[in-house]
Amino acid sequence: MKTRTRVVLFAAAGVLIASLATGLVAWATRVSAAGTAEELAYVPASALMVAYADVRGLMNSPFHDRFRQLQHTSPAGSDDLEARTGIRFDTDVDGVLVASTVVDPSLQRTDGTLLIARGRFDAARIEGLMRSRGGQIDQYRGKRIVTLANTTNDAALAFAEPGLLLFGPQASVRDALDAKAGASAGIGSNREFMALVNDVSEGTAWSVARLDTATGRTPFPPALMNQLPPINWFAASGRIDTGLHGHLRAEARDVQSAESLRDVIQGFLALARLQGGRDPAYRSMLDSVALTANGTSVSLSFDVTPAALDLLTPSAPGLRSPAPPQRQ
Amino acid sequence: MTASLVGSTRRIFDLALGQMLWARRAALLALAAGAPILLALVTRLTLSSGTAVVQINGRHIESEAVFSTAITLLYLRFIVPAVGVFYGTSLIADEVEEKTITYLFTRPIPRGAIVLGKYLAYVLCATSVVLPSAAVVFMVMVPFQDMGPLFGSFVRNLGVLALGLGAYGAVFLWAGALFRRPLVGGLLFVFGWEQLTAILPGYVGRLTITHYLQADTTSVAVLLGITIAALWLAAWTIERREYLLER
């Protein structure tokens, strides 16, 4: 092999390696969101709110064990879900991502909530159940979609990848497949949104919402939004292990709105301390609250410790620490 | 006495690689690699300056979406088939045309080594130009903070491009071993048949290579199957065929 041939090949390899290394660094620096990156590829850019829950992490946490003990008194909702869809939420689902898509009257689009679940699904059973209710099999972008459309239902279900299920209104499911195929813009193209996702995605569960109050497009009730200063973005995350470590962040429209929001929250916290300060459970939780404001960003973090959980769930038999022996 | 297949393949590979990289046809390869980079630079500068926006069906398209469109329309639909047909058909057909195949056939090497050596040289030559070109387009089009979510699909796209180059090259290498002037037929196949089937309903699309390169229907097994089958057929053809050289 001649020297000039070698030079060309090494130069080509160098360019390729440099590009891959740059991409790898970019990927590694946002590795926290990597667990949901594949699911996020299905979320259209028009989404107003995205929420994710690491169901497996949640189910395996000591925090969940406490609530499982509480289920002795609560109805078994998961059994009903299993009967309707064949999905056992606690064993079959690893993670759930929910996206609320935009209402666009100009395109005669209704609001849609898209559910993206990763786990182990019995596709034949789920399809069979939907077909028994009048569902039709359709093909879209090479994927099988079971649609259920009548006067009372507008639902579609697609197994987009092995172990990945899309469920929601037909338009939302098709939009999700469009976004994945690159035929329409995905949420990954929204830098502000993705920056917030990277900020919160370390949590066991997280949510990012765009609050476009100017057009009334918000995932929250207007009555609540009217009570708050103008907010553009809201993000929340919770890390769940033996307790709950919560983090809330709001991006206000301007610095003045951020200060107003901080004042509103401080007022609520003062009221809460006044009301529940005597109760040790609430006091420990309120003591852990940290409120910070930086520019247009207002953050609030709090911890719910296992001890506070014990005190907050007095009705659960066996959850509280044993009572001290009474004096005779 | 016939030399071993591996040793002979390596010798043919060394010979063919130098010829390929410095032949006049390499200008096509340079154009194939350079044009998308130039296009990407212009698009990125235009988009970032805000002087123009790309819209599809009324939706604003960011530079990342332009990158995936470039991979689909520019590389998979045009550059990969074009490089495959121009280089693949020339591997054997040019030796016949220039009456130099006799020199290869008179060497004490298995004829299959000619096919393998030339094919491997083509794969290295084509991938070392097309893949860096796609990588540079990625770097130009996608801002660093957005590379993370797209890195997986970028690597996947590089793999698909390499598989596409391999499959097209093998098929047209076989065509070059089989027909005297395979270029016209090859061009008709990639820019006629393959484009036509994209708009035809039903399963006709499965009779193309491009079908297995698309994001929805990528099949590594089928592409590798096509490549291996075409290489075997090319080797089988060249072993048995008697090439009559025109005076």
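## A charge over a ring

Let's start where the two chains meet an aromatic ring: the charged end of A:Arg4 sits over the ring of B:Trp22, 4.4 Å from the ring centre. "Over" here means that NZ of Lys or CZ of Arg is within 6 Å of the ring centre and within 35 degrees of the ring normal. Chain B has a case too, with B:Arg111 lying over the face of B:Phe105 at 3.7 Å from the ring centre.

A quick word on the model: it is predicted, so local features need pLDDT of at least 70 and side-chain atom pairs count only at pLDDT 80 or more, while totals for chains, interfaces and linings use all residues. Residues are numbered from 1 along each chain as its sequence is written, chains are lettered from A and ligands numbered from 1 in the order in which they are written, and side-chain values use heavy atoms, leaving out hydrogens and water.

## Rings in pairs

Helices are DSSP runs of H or I with at least four residues, numbered from the N terminus. B:Tyr168 is buried at 0% relative accessibility, and B:Phe172 is buried at 4%; buried means under 20% relative accessible area, exposed over 50%, and partly exposed in between, using a 1.4 Å probe and protein chains only.

B:Trp232 and B:Trp236 are stacked as well, because their centres are 6.3 Å apart and their planes at 20 degrees. They sit four residues apart in helix H8 (residues 220–240) of chain B. B:Trp232 is exposed at 54%, whereas B:Trp236 is partly exposed at 40%.

## Nonpolar cores

Which residues touch the most other members of the largest nonpolar core? Among its 73 residues, they are B:Val83, B:Ile92 and B:Tyr122. Such a core is a set of buried Ala, Val, Leu, Ile, Met, Phe, Trp, Tyr and Cys residues joined through side-chain atoms within 4.5 Å. The largest share, 16 residues, comes from H5(B).

B:Tyr122 also forms one aromatic cluster with B:Tyr87 and B:Tyr119. A second, separate core has 29 residues, including A:Tyr52 and A:Leu166.

Methods:
Rings of Phe, Tyr and Trp (its six-membered ring) pair if their centres lie within 6.5 Å; planes under 30 degrees apart count as stacked, over 60 as edge-to-face and the rest as tilted. Helices (H or I, at least four residues) and strands (E, at least two) are DSSP runs, numbered from the N terminus.
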